[in-house]
Amino acid sequence: MPDHLSALQLILAGDPALFAIVRLSLGVSIAAVALAAAVGMPMGALLALTHFPGRPVLVVLLNAMMGLPPVVVGLALYLLLSRSGPLGTFGILFTPAAMVVAQTVLIFPIIAALTRQTIEDLWAEYRDELNAMHVGPIGRMTTLLWDARFSLITALLAGFGRAAAEVGAVMIVGGNIDGFTRTMTTTVALETSKGNLPLAMGLGAILIVLVLAINAAAWGTRIWSQRLTG
Amino acid sequence: MRAPESDLPLVLDGVSLKAGATTLLRDISLTIAPGVPCLIVGPNGSGKTSLLRLCMGLTAPTGGRITWGGRTDPAPTRRAFVFQRPVMLRRAASGNVTYALAQAGTPRWQRAPRAKALLQRVGLADLAHRPARLLSGGEQQRLALARALARDPEILLLDEPTANLDPAATRAVEEIVMSAAQSGIKIVMASHDLGQVRRLVGEVIFLARGTLCERAATNDFLDHPSTAEARAFLRGDLVV
């Protein structure tokens, strides 16, 4: 039977192993986006609204870190989290938790850098009006984050796309353990090298469809919100 | 609630403002006390906006001194500003007003009823739930007025609020400004529209090239301008 047909069969049959892998991948990436957003958005906004010596260096550094190679992040975390490493006591190496940490590190710069840019642009527009209303520093940050909410969805999506698609970091810190830390991307890599193309192709197709669906939903939200808030 | 300190009189003492090598305002001394509306008049580029921003405390002067009720740096709690192109927050019209109320320290439970009253005051009660950025130019300017009035100001500074509006919208804005003046709010408003100056009777401060040329009651200014610059401006000449 041709490979692409059996790939389709796997999906249509609702193969439980396959869907466990999809669930784990999504869970890890969504958790990483949530964590990176919780830290990255306030920090990006803070960076947009403050001025201090060395700020340009920090901005350039943050922008550069958007392109961190996943395998390097994986390796660094591997060294930190391994039994003899400084964070070895937590014992999370080769668990989904370690994969969430790795992807959080990977996408934090993306979310923080894009938030900084968005908030800085909006601040240029709002500055006079907020100063005239005597809005304090915390108020500025929360107001700008809230009013930029629909633009910031794009930052979240960029982070999610990066997390869902990367393979190097989760492979190293997760270990690609069957039924435990095996994600879509690590499975595709493994099954391809083993020559088991149907599963690899099935997962690849699901991965692409998911990313498309999430981007379409976000695009729809944006259009709808623009119609709603102008 | 403690009685708020007064921001009036607003006193400018030998104030100048430079941006790089350009002088925007030159040695302006001026006292703004409670009373009739004060119209800041002059051609484009004469420094009207700069003067208003200084009065609000949005910009610091590069020379001279500004005091509000005798204090040099009071928080702008008793002042409000309406910009020529107001920025609408990405919320509903009512959300814009409750935001301003919150920033002015209005207790949470009073915000909704007060926002409703303010929107009624500017004639936007029916559009309370409309996203502010989808309102027309005139409606946005009225919403900006509601936001400014939410601060319960003692001084209301307006920077050519009707410059981009059609006559009907201009009238609506002027009516709100006049009723605010009648309720005891000191109006300080920039304008280069002489019809508007005539309608909002009060006093005129005439600026040209960053210098305060003349200050007089509206009718005296319009009928008997005392400086050559003002005569040229009133004739419709370009004052460069």
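In this predicted model, both faces of strand β7 of chain B are covered, with B:K186, B:V188 and B:A190 buried on one side and B:I187, B:M189 and B:S191 buried on the other. Since six of the six residues of this strand, which spans residues 186-191, are buried, β7(B) is largely enclosed by the rest of the structure. Strand β3 of chain B, residues 38-41, pairs with β7(B) in the parallel sense over four bridges, and within this pairing B:I40 stands opposite B:A190. Strand β6 of chain B, residues 155-159, also runs parallel to β7(B), to which it is joined by five bridges; here B:L157 has B:V188 as its bridge partner.

For A:I111, when neighbours within four places in sequence are left aside, the contacts comprise A:A36, A:A37, A:G40, A:M41 and A:G44, together with A:A155, A:L156 and A:G159. Helix α5(A) bends by about 60° at A:Y126, and the helix is followed by A:H134, a residue whose phi is positive, near 60°.

Chain A carries, according to its unreviewed UniProt entry, the annotation "domain: ABC transmembrane type-1" over residues 22-218. In the model this span is 79% helix and 0% strand, and its end C-alpha atoms lie 20 Å apart. The unreviewed entry also annotates "transmembrane region" over residues 30-50, 57-81, 87-114, 150-177 and 197-218 of chain A. Among these, residues 30-50 are 95% helix and 0% strand, with end C-alpha atoms 30 Å apart, whereas residues 57-81 are 84% helix and 0% strand, with end C-alpha atoms 29 Å apart.

Between the chains, 17 residues of chain B are in contact with 14 residues of chain A. On the side of chain B that touches chain A, β5 (79-82) and α2 (93-103) each supply at least two residues, and the residues of that side divide into 13 nonpolar, two polar and two charged.

In chain A, A:N176 has a positive phi of about 55° although it is not a glycine; A:N176 is found in the loop between α8 (168-174) and α9 (184-194), and, with 18 other C-beta atoms within 10 Å, is partly exposed. In chain B, B:D152 likewise is not a glycine and has a positive phi, of about 50°. This aspartate, B:D152, lies in the loop between α4 (137-149) and β6 of chain B, and counts as partly exposed, with 16 C-beta neighbours inside 10 Å. A further case concerns the peptide bond from B:L8 to B:P9, which is cis, with omega near 0°; B:P9 is placed in the segment before β1 (10-19) of chain B.

Terms used: Residues numbered from 1 in each chain as written. Chains lettered and ligands numbered in written order. Predicted model: local features only at pLDDT ≥ 70, side-chain atom pairs only at ≥ 80, totals over all residues. UniProt positions renumbered as here; feature names shortened; annotations may be inferred. Contact = placed C-beta atoms within 7 Å. Bend = angle between axes of the 7 residues up to and from the residue. Nonpolar A, V, L, I, M, F, W, Y, C, P; charged D, E, K, R; others polar. Buried ≥ 20, exposed ≤ 12 C-beta atoms within 10 Å, placed from the backbone. Pairing = 2+ DSSP bridges.
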